[in-house]
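I opened a new notebook page for this protein. I wanted to look up its charged pairs and its core.

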Amino acid sequence: MERRQQFDAEHEGFAAHQLPLPAGASGLRPFTQRLRAVLWPIGFKVVGVNTYDGKANPAQWLILCEIAVKAAGGDEYIMANYLPVMLNQSANNWFLSLQENSIRSWDDLKKVFTDNYMATC
């Protein structure tokens, strides 16, 4: 069983991610339609993570983001969709320049993010 399906099976509250997606789902263009279909936890709020400016080690910064998003009740769908909120303007410009539908998962996003910013830290 795929990891996502296994997680959903073990955590009923997240099973809504398997519902059919509405036609023309909005969201961030680099994400696939499936990744764009996110259900935000009630009261979701991330604290304790500085905006990414391209100077910090991206792998270490992403670890902090993962911890903060999980602590706020988020999953990998939330992590991916919330990441652009935690980027400064320059990093957001890079993110929005990614090819449409090129990011299928949080792991995909972490890889392209780390590959892009590792040389700058």
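I began with arginine 29. It is exposed in this predicted model, because its relative accessible area is 52%, and exposed means over 50%. Then I looked for its partner. Arginine 29 forms a salt bridge with glutamate 100, with 3.1 Å between the closest N and O atoms. The pair links distant parts of the chain, 71 residues apart. Arginine 29 sits in the loop between helix 1 (3-10) and helix 2 (33-36). Glutamate 100 sits in the loop between helix 5 and helix 6. I checked glutamate 100 too: its relative accessibility is 40%, so it counts as partly exposed.

I then asked how many salt bridges the structure holds. I found 5.

Next entry: lysine 110. I placed it in helix 6, residues 106-117. Which residues does lysine 110 contact, leaving aside its neighbours within four places in sequence? I noted Leu62 and Glu66. Leucine 62 is 48 residues away in sequence, yet the C-alpha atoms of the two are 7.4 Å apart in space. With glutamate 66, the side chain of lysine 110 makes a salt bridge, 3.0 Å from N to O. This pair also links distant parts of the chain: lysine 110 in helix 6 and glutamate 66 in helix 3, 44 residues apart.

Is glutamate 66 buried or exposed? I read a relative accessible area of 16%, so glutamate 66 is buried, the cut-off being under 20%. Lysine 110 has 23%, so I put it down as partly exposed.

I stayed in helix 6 for lysine 111. Its salt bridge is with aspartate 115, the closest N and O atoms being 2.7 Å apart. Both residues lie in helix 6, 4 residues apart, about one turn of the helix. Lysine 111 is exposed, at 52% relative accessible area. I also noted a network: salt bridges that share partners join Glu66, Asp107 and Lys110.

Then I turned to the core. The largest nonpolar core has 29 residues. Among those with the most contacts inside it are Val46, Trp61 and Phe113. Helix 3 (58-71), helix 4 (76-82), helix 5 (89-96) and helix 6 each give two or more residues to this core. Beyond its neighbours within four places in sequence, valine 46 contacts Ala68, Val69, Ala72, Tyr82 and Met86.

Last, I checked confidence. The mean pLDDT is 85, and 79% of residues reach 70 or more. Over residues 11-21 the pLDDT is below 50, though this stretch has 22 contacts in the model beyond near neighbours in sequence. Where pLDDT is low, the predicted coordinates should not be read in detail.

Key: Residues are numbered from 1 along each chain as its sequence is written. This is a predicted model: local features need pLDDT of at least 70, side-chain atom pairs count only at pLDDT 80 or more; totals for chains, interfaces and linings use all residues. Side-chain values use heavy atoms; hydrogens and water are left out. pLDDT is the predictor's confidence in each residue, from 0 to 100. Contact means heavy atoms within 4.5 Å. A nonpolar core is a set of buried Ala, Val, Leu, Ile, Met, Phe, Trp, Tyr and Cys residues joined through side-chain atoms within 4.5 Å. Buried means under 20% relative accessible area, exposed over 50%, partly exposed in between (1.4 Å probe, protein chains only). A salt bridge is a side-chain nitrogen of Lys or Arg within 4 Å of a carboxyl oxygen of Asp or Glu.
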